[in-house]
Amino acid sequence: ALVSGIIGLVMISSPGMAYQEGEVAKGGGLTGTVSFKGPIPDPYVIWPTKDVDVFGKTIPDDRLIVSKEGRIKNVVISLEGIKEGKRWPNVNASLANRGGRFFPHVQVARTGAQLEIVNRDPVLHNTHGFQGGRSVFNVGLPTQDQKVKKPLKRAGIMQAMCDVHDWMSAWVVVQDHPYFAITGEDGTFTIRDVPPGTYKISAWHEKLKPQKKEVKVSPGSKLRVDFEIGP
């Protein structure tokens with residue numbers, strides 16, 4: 001059954017929260033779809049103002065991607081209030097400057113992880129990270145395939161921008177636990193092995209109104225949680 005929705009601010013996980021990894025017995029699962037509320041927007045493009053010979057005349061705009069069916073890509077779905085549960089997957093955090101864009105545009109990384117920043121273009125990039133209204137790193141990458149690592153010290157939502165190409169942006173959601181999903185082209189998500197309990201589940205997108213719902217996970221349960229969000 002669908003659970004009731006509550007619109008509010010998104011709190012990913014508090015910096016002081018100590019998450020304990022372990023095995024989850026009889027965990028539940030959450031699955032759902034994120035849909036766009038309102039008329040479906042046409043795809044956007046960016047007209048670069050520098051290094052057009054490298055990037056081309058237009059670049060896809062990753063800031064709001066909605067399918068013809070009204071499904072939204074790059075929505076971060078995350079649980080709140082989890083203090084223990086499954087182990088983090090062994091995945092490295094990386095951010096590539098390529099073709100006048102950042103790849104991936106949205107990702108989730110573990111608090112304390114090292115973010116590898118790489119320049120895949122034959123031009124200067126300057127990757128600048130902001131979190132909580134302050135600069136957390138500022139990395140010049142003048143050489144193609146140059147790599148630099150920077151620590152993600154604090155939980156929260158970090159925006160990356162390029163000081164050389166002002167249209168470039170990306171987001172890294174830094175959190176303490178691995179109970180998250182990022183919607184793909186079809187707007188769907190799945191979160192598995194959730195310890196039984198009552199949680200808030202949040203949907204965050206850089207351009208749309210954040211939303212929360214409350215879920216009660218029973219042992220072995222499978223819950224459907226759909227979101228409809230708009231500007």
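What follows is a walk through a pocket and a cavity.

This is a predicted model, in which local features need pLDDT of at least 70, side-chain atom pairs count only at pLDDT 80 or more, and totals for chains, interfaces and linings use all residues. Residues are numbered from 1 along each chain as its sequence is written, and side-chain values use heavy atoms, with hydrogens and water left out.

Rolling a probe the size of a water molecule over the atoms shows where empty space is left. On a 1 Å grid over the protein atoms alone, a pocket is an open set of points with protein on both sides within 12 Å along at least five of seven lines. A cavity is a set of points where a 1.4 Å probe fits but cannot get out. Lining residues have an atom within 4 Å of a point.

Start with the largest pocket. Its space is about 350 Å³ (the volume filled by probe spheres set on the points, which are joined across faces, edges and corners). The lining has 16 residues, and Val91, Asn92, Ala93, Val108 and Ala109 lie nearest the centre. Strands E8 (93–98), E10 (106–110) and E11 (114–119) each supply at least two lining residues. Strands are DSSP runs (E, at least two residues), numbered from the N terminus. E10 gives the most, with four residues.

Now turn to the cavity. There is one cavity of 30 Å³ or more. The largest cavity holds about 100 Å³ of space. It is lined by 13 residues, with Ile46, Asp62, Arg101, Trp167 and Ser169 closest to its centre. Strands E5 (59–60) and E9 (101–103) each give two or more residues to this lining.
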